[in-house]
Amino acid sequence: MEAGGVADSFLSSACVLFTLGMFSTGLSDLRHMQRTRSVDNIQFLPFLTTDVNNLSWLSYGVLKGDGTLIIVNSVGAVLQTLYILVYLHYSPQKHGVLLQTATLLAVLLLGYGYFWLLVPDLEARLQQLGLFCSVFTISMYLSPLADLAKIVQTKSTQRLSFSLTIATLFCSASWSIYGFRLRDPYITVPNLPGILTSLIRLGLFCKYPPEQDRKYRLLQT
């Protein structure tokens, strides 16, 4: 096998490994819901938006014929759907959960109808679907920025998950390189904000380490 083929194979494996590692961080929430038989302070929307994101990138991967995208997002969609079902089972407010799910599914189905029925040209469909996936992924990476101001204000990183931050950093970096290797800006560009936001969160962990976080909360009591 040529050096380029080895590098591509290694990079593809890294993307799969790091992304599945990022998705698996939700297993701790899953175990918590099963153990406590409640959803406590676990947020539902990240599960739902990640599921929609996975299904969108899965469509892009199928259209592009990219096995790495297909594998990662197939497994991701299954995991996120599992998290959603468990959340729905233990949530006391099932009506709100079902409403949010139905709304995003309706948007997803409308998107499928548009791309697969109203855009007959395959190249145009690929470009438009790639753009949609990119914008959706960027919005997901940038949406937690509002919480960062709260973290600085409270001097507490209790809201942040260190393992998820590390997983997101490696995942975003590997996909950015993968997209650059394929000369696919729809893969490269949306993962750059993931690197940036992960580095910002790591900086907050350094500035407000868990030990300082505990001391600050004690002073507040």
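## Helices 5 and 6

The axes of helix 5 (residues 94-118) and helix 6 (residues 122-142) come within 10 Å and cross at roughly 160 degrees. The two helices are therefore roughly antiparallel to each other (angles over 145 degrees count as such). Their crossing is right-handed.

Helix 5 contributes Tyr114, Phe115 and Trp116 to the contact, and helix 6 contributes Arg125, Gln128, Leu129 and Phe132; contact means heavy atoms within 4.5 Å. By type, the residues of this contact divide into 5 nonpolar, 1 polar and 1 charged.

## Basis of the model

This is a predicted model, in which local features need pLDDT of at least 70 and side-chain atom pairs count only at pLDDT 80 or more, while totals for chains, interfaces and linings use all residues. Residues are numbered from 1 along each chain as its sequence is written, and side-chain values use heavy atoms, with hydrogens and water left out.

## Helix 3 and Asn53

Helix 3 (residues 45-64) includes Asn53. Gly65 follows helix 3 and has a positive phi, near 75 degrees.

Asn53 itself is buried, with a relative accessible area of 10%. Leaving aside residues up to four places away in sequence, Asn53 touches Asn73, Cys133, Phe136, Thr137 and Met140.

Terms used:
Axes fitted to C-alpha atoms, helices over the stretch in contact; angles between N-to-C directions. Helix = DSSP H or I, 4+ residues; strand = E, 2+ residues; numbered from the N terminus. Parallel < 35°, antiparallel > 145°, perpendicular 65-115°, else oblique. Left-handed = near helix turned anticlockwise from the far one by under 90°. Nonpolar A, V, L, I, M, F, W, Y, C, P; charged D, E, K, R; others polar. Buried < 20%, exposed > 50% of the residue type's maximum accessible area, 1.4 Å probe, protein only.
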